[in-house]
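Here are some notes for your first reading of this protein. Keep the model open and check each point against it.

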Amino acid sequence: MPSPAATLSIVATPIGNLDDLSPRARDVLAVADVIAAEDTRHSRRLTSHLGIATPLISLHEHNEGARIEQILERLAAGERVALISDAGTPLISDPGYALVAAVRAAGHAVVAVPGPCAAIAALSVAGLPTDRFVFEGFLPSKPGARRARLDALLDEPRTLVCYESSHRIAATAADLAERFGERRMVLARELTKLHEQSVALAAAELPAWLAADDNRRRGEFVLVVAGAPERERSAQEISLDALLAELVPLAGTKKAATIAARLTGTARNAAYQRALELVG
Ligand code: SAM
């Protein structure tokens, strides 16, 4: 069903394979009064391919502020507006956050038309834990800031996901190898495209893998790194029981279990069960 009037639709588009555009995404783009796109020339290729004549306006990081007012006026007039980015899901390392916040604040509806996202596609094939993960987007481009960010993530128990471009993949690989060593990871490149490749290896092996073939450093990359093993965190671990004993009287079993689970890295259900046992 196409989106109703006075609605902003956040429409995911393919990350490579055009067949990944959903029929619903096509319908929403076709009936929209206007499509806001990161790069109108790039997105016109998609709309032409789909046979869609909806006008396109640009919305990128340099004009998002100015465009917001125009889009709010259009929504106030009852128009259907769609937001797309160059590839994948808008707002995920792409523009749109300020627009969505403003549209919500103005009281208009925002609906998701979900679809491709490189981070989720990479996670789905990585074979690393997906029950909890941290999306870091693009790591800082400056070497010092990038290394500091990676240092801060060393003890992170959740699976780490980040984006990288061909310009920086070798430098980032060297930093990952130095810090994460034998930690398991997956590099996924050119997902859904002709030269799609995903390789599972230890972080320490990544620089040599990339250096072995120039083609391996081409295209677009998602890096997925296993979280820190439990034993790396154990020194800092706070006893679950001790925390629950303090928190349950103050916050009740549910809230106490949520906080204690987060602080100790315990599964929330397990912390809740333990809280029930302690109060019972
Ligand atoms: N919004 C997009 C999404 O939903 O995935 C991401 C946009 S971000 C500006 C572009 C980055 O996403 C690329 O540099 C790369 O790290 C990753 N990416 C996009 N398409 C990809 C693909 N087909 N294969 C691997 N990574 C991809």
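**Notes on the fold**

1. The protein's secondary structure comes to 11 helices and 10 strands. Helices (H or I, at least four residues) and strands (E, at least two) are DSSP runs, numbered from the N terminus. This is a predicted model: local features need pLDDT of at least 70, side-chain atom pairs count only at pLDDT 80 or more, and totals for chains, interfaces and linings use all residues. Residues are numbered from 1 along each chain as its sequence is written, and side-chain values use heavy atoms, with hydrogens and water left out.

2. Start with the overall dimensions. The C-alpha trace spans about 60 × 55 × 35 Å along its principal axes. The protein has 280 residues, and 43% of them count as buried. Buried means under 20% relative accessible area, exposed over 50%, and partly exposed in between (1.4 Å probe, protein chains only).

3. Now the surface and the contacts. Among contacts with a separation of 6 or more, 69% join residues 24 or more positions apart. Contact means heavy atoms within 4.5 Å.

4. Next, find the open sheet of five strands. Its order is β6-β7-β10-β8-β9, and the pairing is mixed. The edge strands are β6 (133-138) and β9 (197-202), and each pairs on one side only. From one strand to the next, the twist averages 20 degrees. Two strands pair if DSSP finds at least two bridges between them. Strands of a sheet pair through backbone hydrogen bonds, either parallel or antiparallel.

5. Look at one pair in detail. Strand β7 (residues 159-165) and strand β10 (residues 220-225) pair in the antiparallel sense over six bridges. Leu160 stands opposite Val225 in β10. Helix α7 (residues 169-180) packs on the sheet and touches β7, β8 (184-189) and β10. The direction of α7 makes about 5 degrees with that of β10. Axes are lines fitted to C-alpha atoms, for helices over the stretch in contact, and angles run from 0 to 180 degrees between N-to-C directions.

6. How many disulfides are there? The count comes to zero, with a disulfide taken as a pair of cysteine sulfur atoms within 2.5 Å. Cys117 is buried, with a relative accessible area of 12%. Cys162 is buried too, at 2%.
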